[in-house]
Amino acid sequence: MNRNMLIKLVIDLVMTVLMLVAMAYHITGNTIHELVGVFMLIFFIVHNILNRRWYKTIIKGKYNAQRILKIAVNMLFLVSMVVVMISSVPISQDIFPFLPINNDMSVRQIHVMTAYWGFIFIAIHIGLSWGAIINAVRKMTGITGTSRIRTIALRVIAVLIVVYGVKTSFETDMGSKLTIYNPFGWNSDESTMGFLIGYLSVMGIYICGTHYALKFVQKQEKAKANKEKFIKSDTG
């Protein structure tokens with residue numbers, strides 16, 4: 001694995017960890033929440049600088065279902081993070097309290113709801129790159145061969161994560177957090193470990209779902225390409 005790829009993976013991992021910490025507002029408190037937000041902004045900027053060539057390729061080449069999906073998810077993630085960062089300034093209590101901006105409740109509403117959408121989009125974003133992440137891990141650990149037992153075990157673990165993630169989504173009322181703003185916050189008495197396991201499992205839903213949906217799309221496109229190739233060779 002080349003150095004640039006390793007740096008990108010590390011930055012993506014750090015951003016994911018920071019996102020989880022930022023979501024744990026009821027555990028960390030406001031000051032740490034805002035400091036984490038600042039660091040996340042820095043890593044987000046670095047992430048986009050390292051991937052700046054991707055933006056140049058958006059208007060080039062052919063569009064298929066796989067490419068449209070990746071572009072849509074990446075742009076939605078970009079927009080959500082930009083909105084979260086911008087809306088964080090006027091509601092800041094510790095980092096930017098000196099700014100003469102009215103602390104409007106509607107801005108807080110936008111910030112909270114967009115943060116939860118950003119949490120979902122970052123999970124989908126990871127899911128789109130999960131194949132590359134797995135390949136990188138294999139190279140780092142020296143795993144080159146395939147193992148049926150290992151594959152089955154990993155798929156069982158993935159199913160358990162998704163099931164627990166669905167359970168956590170209902171228990172934490174994730175759907176309401178994506179659509180309704182509660183100015184008094186959502187009460188939570190869960191431990192730090194409980195929060196971490198729960199939210200990682202929720203991310204697992206979208207990572208697994210996106211990964212396997214992408215594999216299905218790739219399989220369909222490959223079958224379509226082979227069919228067109230066969231028709232051309234048959235008619236030719």
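**View 1. Asp-173 counts as partly exposed, at 36% relative accessibility.** That class lies between buried, under 20% relative accessible area, and exposed, over 50% (1.4 Å probe, protein chains only). Everything here comes from a predicted model, in which local features need pLDDT of at least 70 and side-chain atom pairs count only at pLDDT 80 or more, while totals for chains, interfaces and linings use all residues. Residues are numbered from 1 along each chain as its sequence is written, and side-chain values use heavy atoms, leaving out hydrogens and water. To find Asp-173, look in the loop between α8 (148-171) and α9 (174-179); helices are DSSP runs (H or I, at least four residues) numbered from the N terminus. Check its backbone while you are there: phi is positive, about 55 degrees, although Asp-173 is not a glycine. Most residues other than glycine have a negative phi.

**View 2. Helices α5 (residues 65-88) and α6 (residues 105-128) cross at roughly 150 degrees.** Their axes come within 8 Å; these are lines fitted to C-alpha atoms over the stretch in contact, with angles from 0 to 180 degrees between N-to-C directions. The crossing of α5 past α6 is left-handed (near helix turned anticlockwise from the far one by less than a right angle). On the α5 side, the residues that meet α6 include Leu-69, Val-73, Phe-77, Val-84 and Ser-88. Among their partners in α6 are Val-107, Ile-110, Thr-114, Phe-121 and Leu-128.

**View 3. Helix α1 (residues 3-23) crosses α6 at roughly 155 degrees.** Here the axes come within 11 Å, and this crossing is left-handed too. From α1, the contact (heavy atoms within 4.5 Å) takes in Met-15, Thr-16, Met-19, Leu-20 and Met-23. From α6 come Ala-115, Tyr-116, Gly-118, Phe-119, Ile-122 and Ile-126.

**View 4. Met-19 touches Met-40, Met-81, Ala-115, Gly-118, Phe-119 and Ile-122.** That list does not count residues up to four places away in sequence. Which residues touch the most other members of the largest nonpolar core? They are Met-19, Met-23, Phe-77, Met-81, Phe-119, Tyr-199 and Met-203, out of 33 residues in that core. Such a core is a set of buried Ala, Val, Leu, Ile, Met, Phe, Trp, Tyr and Cys residues joined through side-chain atoms within 4.5 Å.

**View 5. Helix α6 gives the largest share of this core, nine residues.** The elements that give two or more residues to the core are α1, α3 (30-50), α5, α6, α9 and α10 (192-235).
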